[in-house]
2 protein chains.
Amino acid sequence: MPKNPAITQVAIADLIAQRWSPRAIDPDQPVSRDQLLALLEAARWAPSCFGDQPWRYLVWDRFRDPAGWRQAFDCLAEGNQLWVKNAPILLLAVAAPNFGHNDQPNRWAQYDTGAASENLCLQATALGLVAHQMGGFDPEAAKARFNIPADHVGMAMIAVGHPGAIELLPQALAEKEQAPRSRKPLAQLAFEGRWGQSVQN
Amino acid sequence: MPKNPAITQVAIADLIAQRWSPRAIDPDQPVSRDQLLALLEAARWAPSCFGDQPWRYLVWDRFRDPAGWRQAFDCLAEGNQLWVKNAPILLLAVAAPNFGHNDQPNRWAQYDTGAASENLCLQATALGLVAHQMGGFDPEAAKARFNIPADHVGMAMIAVGHPGAIELLPQALAEKEQAPRSRKPLAQLAFEGRWGQSVQN
């Protein structure tokens with residue numbers, strides 16, 4: 001995968017520093033079944049409240065089921081379709097709204113599903129694959145098309161594949177791909193003792 | 001950290017396989033500032049919708065601010081206090097409900113915050129630290145006590161410290177600590193093509 005590591009004031013684990021969300025994907029190279037299983041296993045071992053594991057993943061593989069993959073692709077916003085067209089794998093991350101043990105609302109369902117998806121993306125990084133999450137899709141269309149229970153929440157589509165040549169991207173996205181990554185300063189994200197107070201040295 | 005690796009049908013990244021949620025924490029060993037910064041930096045570099053980074057973390061360090069730490073500790077459910085009493089660091093993960101760029105509701109706020117917290121816990125694993133998330137706390141008490149904006153959502157308290165002797169735990173928790181970890185079978189968590197259909201080999 002092209003390198004674009006996080007810039008941090010202290011060292012962090014390489015896997016976390018190397019993960020990012022590229023868009024250039026090789027259209028011709030499938031993701032192997034062992035690779036797909038590794039992504040799903042990594043998600044499976046995320047932590048969750050009461051061990052409920054509220055995440056669900058729907059998978060489409062363009063090399064095995066082009067018609068199904070196309071149906072998933074059609075749920076994406078146009079801006080995403082521009083580059084996702086090359087992705088061999090699409091996943092949809094779904095949050096199950098109620099706890100399994102008592103059928104009561106699980107207020108951590110989306111939080112825990114986000115953790116599982118982060119594991120999935122980190123595992124992709126470990127395998128040298130691109131994984132790029134998208135909020136730009138129509139969750140109601142996906143529900144209707146793929147028989148997803150009405151009370152479940154479609155959180156993100158995830159495009160997965162092998163890294164591809166940057167020339168495959170439209171100009172604007174190619175520029176975005178080569179820009180340095182950035183984040184808010186830590187002082188806006190973390191506080192010590194009470195809200196608004198900086199973490200002390 | 002005591003080893004209790006995930007059992008998977010294909011290999012996954014060691015960092016993901018090794019992360020788990022122990023409760024035995026050394027009461028006497030502080031977490032260094034560089035370690036704390038590494039945890040927060042790992043969270044900072046998680047992905048988010050529109051790059052909004054909706055996660056916020058509040059930190060309390062028992063060795064620096066015992067009174068503040070105690071106020072945070074008092075927000076925990078009693079069952080958690082039994083073992084968290086030994087933790088040198090408490091964190092609270094908070095989701096900011098609206099996008100920064102337009103102040104409209106961010107439906108990925110909790111999902112993205114979950115991803116950031118997973119990065120934080122994986123970074124703890126990389127440093128040989130215990131990090132254990134808890135839903136069992138009073139988010140409204142925490143909001144009032146620490147001046148957290150009313151519309152923000154307290155998602156999880158996270159206890160962090162160095163691994164400790166299992167004898168420090170009450171008997172029931174010591175047994176839990178030594179039990180094998182488990183997850184639902186992949187067939188309940190991942191589907192291919194449409195809801196309910198197993199991933200093919």
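Guide: The expected span of a helix is taken as 1.5 Å times one less than its number of residues. Helices (H or I, at least four residues) and strands (E, at least two) are DSSP runs, numbered from the N terminus. This is a predicted model, in which local features need pLDDT of at least 70 and side-chain atom pairs count only at pLDDT 80 or more, while totals for chains, interfaces and linings use all residues. Residues are numbered from 1 along each chain as its sequence is written, and chains are lettered from A and ligands numbered from 1 in the order in which they are written.

The contact between the chains draws on 65 residues from chain B and 65 residues from chain A; two residues are in contact if their C-beta atoms, placed from the backbone, lie within 7 Å. On the side of chain B that touches chain A, two or more residues come from each of α1 (14-18), α2 (33-44), β1 (55-61), α5 (109-126), α8 (186-189) and β5 (190-192) of chain B. The largest share of that side, 13 residues, is given by α5(B). By residue type, the side of chain B that touches chain A holds 36 nonpolar, 17 polar and 12 charged residues. Here Ala, Val, Leu, Ile, Met, Phe, Trp, Tyr, Cys and Pro count as nonpolar, Asp, Glu, Lys and Arg as charged, and the others, Gly among them, as polar.

In chain A, helix α5 covers residues 109-126, and its 18 residues should span 26 Å at 1.5 Å a residue; the end C-alpha atoms are 26 Å apart, which agrees. Of those 18 residues, 17 are buried, so α5(A) is largely enclosed by the rest of the structure. A residue is buried if 20 or more other C-beta atoms lie within 10 Å of its own, exposed if 12 or fewer, and partly exposed in between, with C-beta atoms placed from the backbone. After α5(A) comes Gly128(A), with a positive phi near 75°.

Strands also link the chains. Two strands pair if DSSP finds at least two bridges between them. Strand β1 (residues 55-61) of chain A pairs with β5(B) in the parallel sense over 3 bridges, and Tyr57(A) stands opposite Ala190(B) in β5(B). An open sheet of 5 strands has the order β5(A)-β1(B)-β2(B)-β4(B)-β3(B), with mixed pairing. Its edge strands, each pairing on one side only, are β5 (190-192) of chain A and β3 (130-134) of chain B. Within this sheet, β2 (residues 89-95) and β4 (residues 153-161) of chain B run antiparallel and are joined by 7 bridges. Ile89(B) has Val160(B) in β4(B) as its bridge partner.

The phi of Gln53(A) is positive, near 50°, in a residue other than glycine. Most residues other than glycine have a negative phi. Gln53(A) is buried, with 22 other C-beta atoms within 10 Å.

As for the chain as a whole, chain A has 8 helices and 5 strands. Buried residues make up 50% of its 201 residues. Of the contacts in chain A with a separation of 6 or more, 74% are between residues 24 or more positions apart.
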